[in-house]
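Please read each point alongside the sequence and the coordinates.

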Amino acid sequence: MADPLSRRRSRLPPAPAAGGLAQAVETLRSVLRFRPIELDPVARRLARATSVHELRGIARRRLPRGVFDYIDGGAEDERTMAANAAAYARTTFRPRVLRDVGTVDPATTLLGRPLPLPLVLAPTGFTRIADPAGELAVARAAGRAGLPYTLSTLSTRTIEEVAAVGPGRHWFQVYVWRDRGLVRDMVERAAAAGYEALVLTVDTAVLGRRERDVRRGFTLPPKIGLGTLLDGALHPSWTWAFVRAEPIRFANVAEPGAGSGPGDGSQAVSLADYINSQFDPALSWDDVAWLRSVWDGPIVLKGIQTVEDARLAADAGVEAVALSNHGGRQLDGAPAPLDLVAPVADAVGDRVEIICDGGVRRGSDIVKAVALGARAAMAGRAYLYGLGAAGERGVDHVLALLAADVRRTMALVGARTVADLTPAVVSAGASAQGDQQRHV
Ligand SMILES: Cc1cc2nc3c(=O)[nH]c(=O)nc-3n(C[C@H](O)[C@H](O)[C@H](O)COP(=O)(O)O)c2cc1C
């Protein structure tokens, strides 16, 4: 009977002869590649982040849950937020080949000025919650990339501080306070500080119900309760940076008369209470005319969600509309902006420029929006994830990823310039909801 041990031994590879061993060492040496050890922790973190999705994952680990949810969350069942991304996912390309894409140039123009990439950084309130440098970091990164940065009315750095970061293109986003004098004052300050355009946000008559914030009792400034303390202890690097930095406040509305709340730093309130008491729900098309009377530059209406309102915006003489549902943070059940691009372009594309805002996570999303008729896309959370994951360098990283994505996608669909990005580049069945809107 055969010895079972000897049978097992016979399946093992033969012991290497001395020459064989040398060969094995040689082969291993040719394939083994050890990356040099990166001592800079931020660089190490960024080297692993190959997409905005991965930066979101890093931000989720680094930020306290309440802070991450304030950035990441949407209204109610978050269906609109999901729909924004789903519209991009269901839109596919019709790539053309053999088109000599040796040189690809994604440059375009927006509001009469050149832009290296069809992308604008969206306004996001309370940006210092993600990183103490906040709006200054984002403005600097946008400036390096040559892209316009939109400063929110609810920013945590002033209009002037952001303008002072150096060369860069700044837009100012306006929420209309009940006190029009306050708005006029901010608009005049923006003009004096060289801001190029005003972005009037029109989808926030009242604040959407962001249930993650409600559940966590999220307030501005963040309240230090037992839960916050525990959350902070679990995220020490954020907490240490937060407590060392100057207190966060709504920097542009700190003047007396702005009302109580985060503006004067005296008490913590929920964002909903603050906005619902300060913003004017009676805002109407007359206010667009009023804004025109106090501002000489271009106006972008942000939050247009139907073809009818895009027509009214064009009639009102604004230069651009940002098709937007606030990243799904306002009305749950609103249409995905990407689905509106083609019908709005059909209706008023010759009268206003179209910016598609919401759900952009990859450069291919930007290419899809432009192919359907947008002049540019706007992105909010994408850069906030970068900021939360790795501060200013995280924002640089996001913008570099998106720029590289756009170039690569253009090459792969056979487009050398944005003029080649026509509706023929995307699949005809891409926009089911858009086709419905087309017949409005
Ligand atoms: C944390 C956060 C704060 C925001 N604050 C503002 C704001 O102050 N003003 C405004 O017009 N839009 C605001 N938005 C909406 C963005 O401008 C933009 O419409 C939205 O982020 C686009 O969706 P995306 O995040 O999927 O790119 C905010 C969005 C986020 C995520």
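Helices and strands here are DSSP runs, of at least four residues for helices and at least two for strands, numbered from the N terminus. The model is a predicted one.

1. Arg99 is located in the loop that runs between helix 6 (79–90) and strand 1 (108–110). Its relative accessible area of 37% makes Arg99 partly exposed. Together with Arg94, Arg96 and Arg416, Arg99 forms a positive surface patch.

2. Ala89 belongs to helix 6 and is exposed, with 63% relative accessibility.

3. Ten aromatic pairs are found in the whole structure. One of them joins Tyr149 and Tyr383, whose ring centres are 6.4 Å apart; the planes meet at 80 degrees, so this pair is edge-to-face. Because Tyr149 is in strand 4 (residues 148–151) and Tyr383 in helix 18 (residues 381–413), the contact ties together parts 234 residues apart in sequence. Tyr149 is buried at 1% relative accessible area, and Tyr383 is likewise buried at 1%.

4. Tyr175 and Phe279 make a tilted pair, with ring centres 4.4 Å apart and planes at 35 degrees. Tyr175 is in the loop between strand 5 (169–174) and helix 9 (180–192), and Phe279 is in the loop between helix 13 (271–278) and helix 14 (285–294), 104 residues apart. Tyr175 is buried at 9% relative accessibility, and Phe279 is buried at 2%.

5. Tyr175 and Phe279 also belong to one aromatic cluster with Phe126, Trp177, Phe250 and Tyr274.

How values were computed
Residues are numbered from 1 along each chain as its sequence is written. This is a predicted model: local features need pLDDT of at least 70, side-chain atom pairs count only at pLDDT 80 or more; totals for chains, interfaces and linings use all residues. Side-chain values use heavy atoms; hydrogens and water are left out. Patches are made of residues with over 30% relative accessible area and no salt bridge: like charges are joined within 9 Å, nonpolar side chains (Val, Leu, Ile, Met, Phe, Trp, Tyr) within 5 Å. Accessible areas come from the Shrake-Rupley method with a 1.4 Å probe; for residues, only the protein chains shown count as cover. A salt bridge is a side-chain nitrogen of Lys or Arg within 4 Å of a carboxyl oxygen of Asp or Glu. Lys and Arg count as positive and Asp and Glu as negative; His and the chain ends are not counted. The place of a charge is taken as NZ of Lys, CZ of Arg, CG of Asp or CD of Glu. Buried means under 20% relative accessible area, exposed over 50%, partly exposed in between (1.4 Å probe, protein chains only). Rings of Phe, Tyr and Trp (its six-membered ring) pair if their centres lie within 6.5 Å; planes under 30 degrees apart count as stacked, over 60 as edge-to-face and the rest as tilted.
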